[in-house]
Amino acid sequence: MDREETEAILGRFAAAAAEVGLASTAVGSYRRGKVGGHDLDVMLHAPEGAPLVAVADYEFHDGDGAGFRLLERFFARLAAIDVGGAPFLHPHRTMGGLIGAKEAPKLGIRHCFVRSPAVPGAFRQVDFILCPTEIIAHGLLGWSGSTSFQRSLRDYVNHAHEKNWAEVPDRRPIVGRRGWNVTRDGTRVGSLIEGRELDEDEHWAWSQNGIAIARGKHSSKGKDGEQFETTYEECNINLRTEADVFRFFHLDYRAPHERCA
């Protein structure tokens, strides 16, 4: 797809999203400035300035939860707007990205095909991701890629606790839970939370679902053969933009087009 066709398709998505109270943001290689992608990744989320949507609000743990019902409303409006015909929905629904094996789903993902407005008879693959604003910064960062950049960021985060300061540009310790408690509409409540430093058996974990403090080692065996299971304590206070995530880990912000390696 060239950029002109891509933007025509994205315009339809934005119109359908607005009719059900959502906004849409193209992520993936398109957001990094690449031209000629073979598919599209589109994040659906509450509009800027709208009340905070918590992960629990979308009930992704339930196949008939509020998040999936909202996606169905979006696809119904898209079918009415798209004069080329209704989108073909892949039967598979993904309750996306778990930061830990026992964690509840945090993202709703639907795969579909839409008719090309530029090439007669052609279809384009699109993945839609419904993301709560509670973790929108991490969702945008994770789904924008590139794969190698995400892998490097996760590796950096996982090793930050080891005080190997060759991995930390400004050689300052990274401490947890600094920020404000916020209400559902994003208003700060109370005083600044300073938090604590990580314990010896803890490390950071980052994914498109957020930041967590992890304890233990997943599926590893101790010296006596016992199994250890990783547990996670979420730590997403007051991180609402991608720049907030970079700042949290004492990293210089990189715009999407700078994340290709």
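This is a predicted model: local features need pLDDT of at least 70, side-chain atom pairs count only at pLDDT 80 or more; totals for chains, interfaces and linings use all residues.
## Around Ile 9

Leaving aside residues up to four places away in sequence, Ile 9 touches Met 1, Leu 40, Val 114, Pro 117 and Arg 124. You'll find Ile 9 in helix 1, which covers residues 3-19.

Is Ile 9 buried or exposed? Its relative accessibility is 1%, so Ile 9 counts as buried. Now look for Ala 118: it sits 109 residues from Ile 9 along the chain, yet the C-alpha atoms of the two are separated by 9.6 Å.

Next stop is strand 4, residues 107-115, which is where Arg 110 is found. Buried means under 20% relative accessible area, and Arg 110 has 6% relative accessibility, so it counts as buried. Which residue does the side chain of Arg 110 meet in a polar contact? That would be Glu 72, with a polar contact of 2.9 Å between the two side chains.

## Strands 8 and 9

Strand 8 (residues 202-207) and strand 9 run antiparallel, and six bridges join them. To get from strand 8 to strand 9, the chain goes through a hairpin of two residues.

Why is strand 9 largely enclosed by the rest of the structure? Strand 9 spans residues 210-215, and five of its six residues are buried, so the rest of the structure largely encloses it.

Follow the chain from Gly 145 to Ser 146 and you'll cross a cis peptide bond, with omega near 0°. Ser 146 lies in the loop between helix 4 (136-144) and helix 5 (147-159).

Then there's Glu 59, which isn't a glycine but has a positive phi of about 50°. Glu 59 is in the loop between strand 2 (39-45) and helix 3 (66-81). Its relative accessible area is 32%, so Glu 59 is partly exposed.

Across the chain the mean pLDDT is 76, with 68% of the residues reaching 70 or more. Confidence is highest in strand 1 (residues 23-26), at a mean of 96, and lowest in strand 11 (residues 227-228), at 43.

Over residues 225-229 the pLDDT is below 50, although the model gives this stretch 15 contacts beyond near neighbours in sequence. Residues 218-222 also stay under 50, and there the model has eleven contacts beyond four places in sequence.

Notes. Residues are numbered from 1 along each chain as its sequence is written. Side-chain values use heavy atoms; hydrogens and water are left out. Buried means under 20% relative accessible area, exposed over 50%, partly exposed in between (1.4 Å probe, protein chains only). Helices (H or I, at least four residues) and strands (E, at least two) are DSSP runs, numbered from the N terminus. Two strands pair if DSSP finds at least two bridges between them. A polar contact is a pair of N or O atoms within 3.5 Å; within protein, one must be able to donate a hydrogen and the other to accept it, and residues adjacent in sequence count only if both atoms are side-chain atoms. Contact means heavy atoms within 4.5 Å. pLDDT is the predictor's confidence in each residue, from 0 to 100.
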